[in-house]
Structures are given as C-alpha cells and as structure tokens.
Amino acid sequence: MTDVLGWRRKFGVLAPSTNTIVEPDFYRMGVPGVTAHFGRIHIRDQNMSDDAGMDRLLEQIRAEMDYTCARVLTCEPDYMVMGMSAETFWGGVEGNLRFVKQIQDATGLEVATGAEACRRALELYGARRIGVVTPYQPIGDANVVRFFGELGFEVVAIKGLRCPTAVSIAHVTEDELRAALLEVDGPKVDALVQCGTNLSMVRLADEAERWLGKPVIAINAATWWMALRDNGIQDRVDGAGSLLRDH
C-alpha cells in the first residue's frame, strides 16, 4: 500500500526541538506526493551565547540523535533529511561523513545534510569563492570555514550573528539578514551561502539573487533540493531561489 499523501516519498526529518523555521520552510517548498515528518531532538539547554554553550548544544544533539531517529522511523519514511546544519559542518569533511554514517546506521536510509547540499549547489554553479552568513559563535564559524576549505572553496568573508540561544536564531529579522548578506558580498565573491536552519532566509535569498546578480544559497532550500533530487523528484519550486526553480 502507498501512503495516501506521501505517495511519491515520505521524508523523515531530524530537527532540534527549538527550531521553528525549518518545518514551515519545508512545507512551503512542498511538492505533490512528498511529505515531511519531523522527529524533534530534545534540547534541554538552549544557551549558545559563547563557544562553550554551542559545544554543549551539539553534545545534546549527539546524545539524542539515535532516540530521535528511532521515533521518526515508526512512520516508515523512505529517506532522511537533516533539519539542522551545524552538526553537518562540524569536524570538516570527515565530520560530515561520520554524521551521515551515524544516521545511515541508525535508520538504514540515505540522508540529505545541509553541508553536502551546499557543496553540490556550489559545484553546480561553478562557484569557488564564497561569502557566508551563520547564526553561530566563532567555534561554529570556524567549522564552516574548515568544511568549505577542505573541499577547495575559499571563504572570502563570513558573518556570524552570534545568536545567544537556539530559539533566538528565529528572531533575526529580514533587515538584519539583508545587511549580513551585503557585508559578506563583494566583487571577489561568486556565491553567498547561509547556514543555520532556524534562520528564515529562503524568501530573502530568492529576492537577493535578483539584486546581487549571483547565487544565494539558503540552507533549507538547498537541503530540500538535495532530498528531492536524490529521490528522482524533478519538480521545480518558485519563490525559493534559483536552485529549486531552475535545477
């Protein structure tokens, strides 16, 4: 029997319990016959006001990951999607591979991660020099720079917004994000990348591509794009950037 609504694919999505942006973003970019089913990673201490706080946040996520996978597996998804990005950049390329293996071992399914989705998107666009916006503390930014650097991309500029709590990431306004994009842009930058799935960037990235004249990769749009294309779903989505619209 095929799921009545998810007759093409059911995605199991792993997201922090504090995240209020990635779920509505995925629903807004939805296509017929594909459904997203969220497993919430319990965050008990959401303080990330310094490097130590961000480390503790990641430790909580690692401790909860297998439990969250087990819960979301009960709806029998076809594929996994990571609804948070920091952990997928942590430890550079090897760290991302370890994380992917952890999810594959726990679920027996393939998984889309924000880090891998950004790599694929940048290679598709032929971009080598990038500007990056994150909600992270310096330790998070350092891991993002490491990941992209190990793949041969040059991070020309990075703007960490230093959000004090996991929930407060979703409070960053469009004006603040617009200013951050302009701060990391420049004539030497081929593309802009936004990390942090709780930053609301999908709609702004779509607009920014028109006034900047270059790719602006919102992490939620890129991850959703990877999940769809990995599953042979070629539907195009308007209003979420050129990646989903044209590729």
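**View 1. The cysteine C195 is buried in this predicted model.** With a relative accessible area of 0%, C195 counts as buried, because the cut-off for that word is under 20%. The closest cysteine sulfur to that of C195 belongs to C118 and lies 5.6 Å away, which is too far for a bond, because a disulfide requires the two sulfur atoms to be within 2.5 Å. A disulfide is a covalent bond between the sulfur atoms of two cysteines. The structure as a whole holds zero disulfides, and C163 is likewise in no disulfide, since the nearest cysteine sulfur to its own, that of C195, is 13 Å away. C163 is also buried, with a relative accessible area of 4%.

**View 2. Strand 7 is paired with strand 5 and with strand 8.** Strand 7 covers residues 191-194, and it pairs with strand 5 (residues 129-134) in the parallel sense over four bridges. Within this pairing, I130 stands opposite A191 of strand 7.

**View 3. F38 forms aromatic pairs with F26 and with Y27.** A search of the whole structure finds nine aromatic pairs, and one of them joins F26 and F38 in a tilted arrangement, with 6.2 Å from centre to centre and 45 degrees between the planes. This pair links distant parts of the chain, as F26 belongs to helix 1 (residues 22-28) and F38 to strand 2 (residues 34-41), 12 residues apart. Both F26 and F38 are buried. Y27 and F38 form an aromatic pair that is edge-to-face, with 6.2 Å between the ring centres and 70 degrees between the planes. This second pair again links distant parts of the chain, with Y27 in helix 1 and F38 in strand 2, 11 residues apart. F26, Y27 and F38 belong to one aromatic cluster, which F11, Y79 and W224 complete.

**View 4. R128 lies over the face of F153.** The distance given for R128 in this arrangement is 4.3 Å from the ring centre of F153.

**View 5. E76 and R162 have positive phi values although neither is a glycine.** The phi of E76 is near 60 degrees, and this residue lies in the loop between helix 2 (51-73) and strand 3 (79-82). E76 has 60% relative accessibility and so counts as exposed, a word that applies over 50%. R162 has a phi of about 55 degrees and is found in the loop between strand 6 (154-160) and helix 7 (174-184).

Note on methods
Residues are numbered from 1 along each chain as its sequence is written. This is a predicted model: local features need pLDDT of at least 70, side-chain atom pairs count only at pLDDT 80 or more; totals for chains, interfaces and linings use all residues. Side-chain values use heavy atoms; hydrogens and water are left out. Rings of Phe, Tyr and Trp (its six-membered ring) pair if their centres lie within 6.5 Å; planes under 30 degrees apart count as stacked, over 60 as edge-to-face and the rest as tilted. Helices (H or I, at least four residues) and strands (E, at least two) are DSSP runs, numbered from the N terminus. Buried means under 20% relative accessible area, exposed over 50%, partly exposed in between (1.4 Å probe, protein chains only). A charge sits over a ring if NZ of Lys or CZ of Arg is within 6 Å of the ring centre and within 35 degrees of the ring normal. Two strands pair if DSSP finds at least two bridges between them.
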